Amino acid sequence: MKKCLIAGGGAAGMMAAITAARNGNQVILFEKNEKLGKKLFITGKGRCNVTNAGDMDELFGAVITNKKFMFSSFYGFTNEDMMQFLEDAGLHLKIERGKRVFPVSNHSSDVIAALERTLKKENVKVHFRKEVKGLNLVTEDDKTICKGIFLEENGKKTAIAADCVIVATGGMSYPSTGSTGDGYQWAQDAGLKVTALLPALVPFEAAELETVKSLQGLSLKNVEAAISNGKKELYRDFGEMLFTHFGVSGPLMLSASSFCAKAIGKTPLKLSIDLKPALTEEQLDKRILREFDANHNKQFKNAVDSLFPAKLKPVMTELSGIAEEKKVNEITKEERMRFVRLIKDFKMTLTSLRSYSEAIITKGGVSVKEIHPGTMESKFVKNLYFSGEVLDLDALTGGYNLQIAWSTAYLAGMNAGREE
């Protein structure tokens, strides 16, 4: 029986531990926190969007970085496999809008409990408040081999020997949950490349602070947003967004952050919001004319109620350049067309991303070029495996990032300790 050590007790760490134990290994999991799954607990607003029930094309389509690397992982342990795994562990699931999968109870704690029950059933030994301080690497016959880990106990460094180690330490997002980037440092110490790290699936800050503060809390549904860097369009999609006291958030903007993270660090970006994407400019102009005809004696500010939510109305009337008190029957065609273009192209300037403390995931990580995609083992360090967010893999919101964690962890657990 091989001895396998897992560093990290999040989604990937628990799945890797369960799989390695089922594969006949003696498994010990080390978690620096006082409990398992601290980040899992807060995902999906505390409901835990465990995976996405879409087909394989949808799964791969949602992966932004290194989707080809995920081929073996996604097919080796599919989203259907994950759903069955949780059902077998006593957790009942439901599928919601966007094929997002949640526990029927709507409690992330039930997901963690199901994983904990399975760890216990598979005799995985879990050590809490045990912070791994590094990897025990030795060189034999010009090959680097991982022989275990180092713990710090009572101010002393203690070596824990093992046949293999799986690093599942997560990224840098939500550092309050213990995600402090330890695994990146260990990978670099082992000679592996770590790509540039950035917060992702994170809100944007905007230059127009007065505007966003007045719109704070307003959620816009069914809008189209486009973000560009000069003439280059970086992102365009349709959905829901939210105004905050510092800028913009919501599903549409969180997804956009993953496409814009690298560019926004260098220069402000332009956000264009089409508030009425279902209408062409011509159709929108006819709609506005109908509103004006029905309210021809009213002032402009009182004639656009049906076009916008209450919070947005004063912002749009001000930006239109049309005097609020002007009677609608006095508004010129030129003024009206300017108003149409404003509705179809509501502009903002995005200056930066919010910090890791608000990021759902980390963009960047251990370079997948240095990891075997079929086993998750390092190409250069024998018996050293990586899984989950510590790797340079990221996807859109909707359960896809957790599926990356489950699938890569399953492969790592299946291959760790395997006889050659």
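The questions below concern a predicted model.

Me: Are helices α1 and α13 roughly parallel or roughly antiparallel to each other?

Reply: The axes of α1 (residues 11-22) and α13 (residues 400-415) come within 7 Å and cross at roughly 30°. Angles under 35 degrees count as roughly parallel. The two helices, α1 and α13, are therefore roughly parallel.

Me: What is the handedness of the crossing of α1 and α13, and how many charged residues are in their contact?

Reply: α1 passes α13 in a right-handed crossing. From α1 the contact includes Met15 and Thr19, and from α13 it includes Trp406 and Gly413. By class, the contact residues are 11 nonpolar and 2 polar, and the number charged is none.

Me: Is Cys48 buried or exposed, and how many disulfides are found in the whole structure?

Reply: Buried means under 20% relative accessible area. Cys48 has 0% relative accessibility, so Cys48 is buried. Cys260, also at 0%, counts as buried. A disulfide is a covalent bond between the sulfur atoms of two cysteines, and the search of the whole structure gives a count of 0.

Me: Where is Lys276 found, and which residues is Lys276 in contact with beyond its neighbours within four places in sequence?

Reply: Lys276 lies in the loop between β17 (269-274) and α10 (281-294). Its C-alpha atom is separated by 6.5 Å from that of Val223, 53 residues apart along the chain. Leaving aside neighbours within four places in sequence, the contacts of Lys276 are Leu284, Arg287, Leu307, Ile343 and Lys344.

Key. Residues numbered from 1 in each chain as written. Predicted model: local features only at pLDDT ≥ 70, side-chain atom pairs only at ≥ 80, totals over all residues. Heavy atoms only, no water. Helix = DSSP H or I, 4+ residues; strand = E, 2+ residues; numbered from the N terminus. Contact = heavy atoms within 4.5 Å. Axes fitted to C-alpha atoms, helices over the stretch in contact; angles between N-to-C directions. Parallel < 35°, antiparallel > 145°, perpendicular 65-115°, else oblique. Left-handed = near helix turned anticlockwise from the far one by under 90°. Nonpolar A, V, L, I, M, F, W, Y, C, P; charged D, E, K, R; others polar. Disulfide = S-S within 2.5 Å. Buried < 20%, exposed > 50% of the residue type's maximum accessible area, 1.4 Å probe, protein only.
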